[in-house]
Amino acid sequence: MTTNKIARISMLLAISVVLGLVESYIPIFNVIPGVKLGLANIVIVYAIYKYSFKDALYISILRVFLVGLLRSGLFSITFFFSLSGALLSLIFMYLFKKYTKLSVIGVSIIGAISHSIGQIIIAVIFLSNINIIYYFPILLLSSIITGIIVGMLSKKIIEYA
Amino acid sequence: MNKSDKILIIILVIILLVVFLLKIIFKTDSTYANVYYENNIIKTIDLTIDATYTVEGYNGDVVIEVLDNKIRVTEENSPLHICSKQGWVSDGTPIICLPNKIIIKIENNSDLDTISR
């Protein structure tokens, strides 16, 4: 990786971390577990379109680590939620971008949904209890909405930068 | 937003509506609730009796209240208090206290995993 690229990816990582942190301080999103705006994912979507899957992977994983360090504690349950959600959403976003005709907005919606699914999977494993699945409908609804919002923002940024 | 996006959204909305309808169709009269610690039932609560119960969660005591066939968590030890903020539950939606590993679910009398036609 060239120095130039390292610098750029680091900047993106920093932006993603800040967005993730700022979001975690807004209390509105603490009512239902797993519901969040996901602004940090704008960076990931941007990286998938403007860079490569691998670069987006670096940013995703490092972002989860850094936010985990700064916010909830490394290797806490929240950390595993984030990691699982981030990885699943990255993989599905990449696949849907490559193999379907979805635009940035569609890809972003897929990202939001798979992020939620990743979190539900970890919750079910952590609690060894399938009842967590009851949260899926409300998470699905919020994922569609936040996916569209993040998608529209990402689209503008990809066009202008 | 192109055509594929719109198709995706329509499919998702349909899924949502189906799930919502299923919840309404399978709404049952709540008679009792099970309190789970991880995957084990540690207490079965009769919802017809107004009472307060205390169970032991991973982080400490979890206080459960029953009133008018509804149930809620009033007190528990956790960073965000999501499950006590959830308030009263009278349908099949579970109350999940993740840090305490406690799940409260109102069950009905019939077999849990069958769908009757």
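This is a predicted model: local features need pLDDT of at least 70, side-chain atom pairs count only at pLDDT 80 or more; totals for chains, interfaces and linings use all residues.
**Entry 1: a lysine over a ring**

I started where the chains meet: B:Lys101 lies over the face of A:Phe126, at 4.7 Å from the ring centre. Residues are numbered from 1 along each chain as its sequence is written, chains are lettered from A and ligands numbered from 1 in the order in which they are written, and side-chain values use heavy atoms, with hydrogens and water left out.

Next I looked up what else B:Lys101 does. B:Lys101 also forms a salt bridge with B:Glu38, with the closest N and O atoms 3.0 Å apart. For a salt bridge, a side-chain nitrogen of Lys or Arg must be within 4 Å of a carboxyl oxygen of Asp or Glu. This pair links distant parts of the chain, 63 residues apart: B:Lys101 is in the loop between strand 6 (95-97) and strand 7 of chain B, and B:Glu38 is in the loop between strand 1 (32-37) and strand 2 (40-46). Helices (H or I, at least four residues) and strands (E, at least two) are DSSP runs, numbered from the N terminus.

Buried or exposed, I asked of B:Lys101? B:Lys101 is buried, at 11% relative accessible area, and B:Glu38 is partly exposed at 24%. The cut-offs: buried is under 20%, exposed is over 50%, and partly exposed is in between (1.4 Å probe, protein chains only).

**Entry 2: where B meets A**

I then checked the whole interface. I found 24 residues of chain B in contact with 27 residues of chain A, where contact means heavy atoms within 4.5 Å. Together the two chains bury about 2,400 Å², 73% of it on carbon and sulfur atoms. That area is the accessible area (1.4 Å probe) that two parts lose on being put together, summed over both.

How many salt bridges are there between chain B and chain A? The count is 0. I did get 6 residue pairs in polar contact between the two chains (both at pLDDT 80 or more). A polar contact is a pair of N or O atoms within 3.5 Å; within protein, one must be able to donate a hydrogen and the other to accept it, and residues adjacent in sequence count only if both atoms are side-chain atoms.

On the side of chain B that touches chain A, the elements giving two or more residues are helix 1 (3-25) and strand 7 (102-107) of chain B. Helix 1 of chain B gives the largest share, 8 residues.

I picked B:Leu8, which lies in that helix 1 of chain B. B:Leu8 is buried at 13% relative accessibility. Leaving out residues up to four places away in sequence, B:Leu8 touches A:Leu102, A:Gly106, A:Ile109 and A:Ile110.

**Entry 3: salt bridges in chain A**

I counted 5 salt bridges over all chains. One of them joins the side chains of A:Asp55 and A:Lys5 at 2.9 Å, N to O. A:Asp55 is in helix 3 (residues 53-72) of chain A and A:Lys5 is in helix 1 (residues 3-24) of chain A, so the pair ties together parts 50 residues apart in sequence. A:Asp55 is buried at 3%, whereas A:Lys5 is partly exposed at 28%.

I also noted A:Lys155 with A:Glu159, a salt bridge with its closest N and O atoms 3.7 Å apart. These two are 4 residues apart in helix 6 of chain A, which is about one helical turn.

**Entry 4: a serine pair**

In helix 6 (residues 136-160) of chain A I stopped at A:Ser143. A:Ser143 is buried at 3% relative accessibility. A polar contact of 2.8 Å joins the side chains of A:Ser143 and A:Ser116.

**Entry 5: rings**

Last, I found 8 aromatic pairs over all chains. Rings of Phe, Tyr and Trp (its six-membered ring) pair if their centres lie within 6.5 Å; planes under 30 degrees apart count as stacked, over 60 as edge-to-face and the rest as tilted. The rings of A:Phe75 and A:Phe79 have centres 5.2 Å apart and planes at 80°, so I logged them as edge-to-face. A:Phe75 is exposed at 53%, but A:Phe79 is buried at 2%. Ring pairs link A:Phe65, A:Phe75, A:Phe79 and A:Phe80 into a cluster.

Note on methods
A charge sits over a ring if NZ of Lys or CZ of Arg is within 6 Å of the ring centre and within 35 degrees of the ring normal.
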